[in-house]
Amino acid sequence: MSFQQKNITVSLVNFTLILGFYLIRVIQMLLGGSFNSTNVFRLWGIVIALAVVVTIFATILTHIVSAIIHAIKTGEEKSTIEDIEDERDRLIDLRGTKVTYFISSIGGFLSMLTFVFGQPPLVMFTLLIFFGVVAQIIGDVLRLYLYRRGF
Amino acid sequence: MGKRRINNNIRKLRFFNDEMTQQELAQKVGVTRQTIIAMEQGKYSPSLELAFRIALAFDIPLDEVFSYDPETETN
């Protein structure tokens, strides 16, 4: 598994966990009757902070752990060429980003439709971040699939 | 209209160049080994720049490495 694949796997796991946490919290709020603007926006902040901070630290950790495992396996101290990003990596990343943006856009549109059909604004904001995280997960799955297939 | 297929002789050329490994070729042309594997399996067509770098690595003209078959279509 290349460095890029490891990074994508880490991102996929992160965002899946974040989505799980988000859905659990939203369901808890709905069942507990605490689905209000204060709680929803606090959850927004938590999800965005988790997405940024956890992804950065997980990527750094992956790099360090990969380097240690590689050094133990091969006895080499220097990083290999596998850590570089070439044109195929960039094209795969571009395809994943395209799908992520497409799903985000559809999600944004659907979220706004709920507002149009008389739902409270909180529903729109809740769905916006849901579709954002789902789009990231689908983009990562596509990237991994393209890596496994070759291109 | 489907995508046209670009064939290559990278595997054969590696063999005739002192059995050069995929890793060695990857390092020479500045890509990952996975990209060389994808090209050899016909799953990835390189950019023109990379194609020239591969031809230079084997020290032969570009058309001896890559060939274009307009009749073959891929999915």
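**Salt bridges and contacts in a predicted two-chain model**

Biologist: In this predicted model, what is the N to O distance of the salt bridge between the side chains of Glu40(B) and Arg11(B)?

Modeller: Glu40(B) lies in helix 3 of chain B and Arg11(B) in helix 1 of chain B, so the pair ties together parts 29 residues apart in sequence. The cut-off for a salt bridge is 4 Å. The side chains of Glu40(B) and Arg11(B) meet at an N to O distance of 3.9 Å.

Biologist: Is Arg11(B) buried or exposed?

Modeller: Buried requires a relative accessible area under 20%, and exposed requires over 50%. Glu40(B), at 15%, is therefore buried. Arg11(B) has a relative accessible area of 57%, so Arg11(B) is exposed.

Biologist: Which residues are joined with Asp93(A) into one network by salt bridges that share partners?

Modeller: Arg143(A) and Asp140(A) form a salt bridge of 2.9 Å, N to O. Both lie in helix 4 of chain A, 3 residues apart, and both are buried. The glutamate in chain B also has a salt bridge of 2.6 Å, N to O, between Glu40(B) and Arg14(B). Salt bridges that share partners join Asp93(A) with Asp140(A) and Arg143(A).

Biologist: How many salt bridges are counted between chain A and chain B?

Modeller: Chain A and chain B bury about 1,200 Å² between them, 49% of it on carbon and sulfur atoms. Across the interface there are 6 residue pairs in polar contact. The count of salt bridges between chain A and chain B is 0.

Methods: Residues numbered from 1 in each chain as written. Chains lettered and ligands numbered in written order. Predicted model: local features only at pLDDT ≥ 70, side-chain atom pairs only at ≥ 80, totals over all residues. Heavy atoms only, no water. Buried area = accessible area lost by both parts, 1.4 Å probe. Polar contact = N/O pair within 3.5 Å; in protein donor to acceptor, adjacent residues only side chain to side chain. Helix = DSSP H or I, 4+ residues; strand = E, 2+ residues; numbered from the N terminus. Buried < 20%, exposed > 50% of the residue type's maximum accessible area, 1.4 Å probe, protein only.
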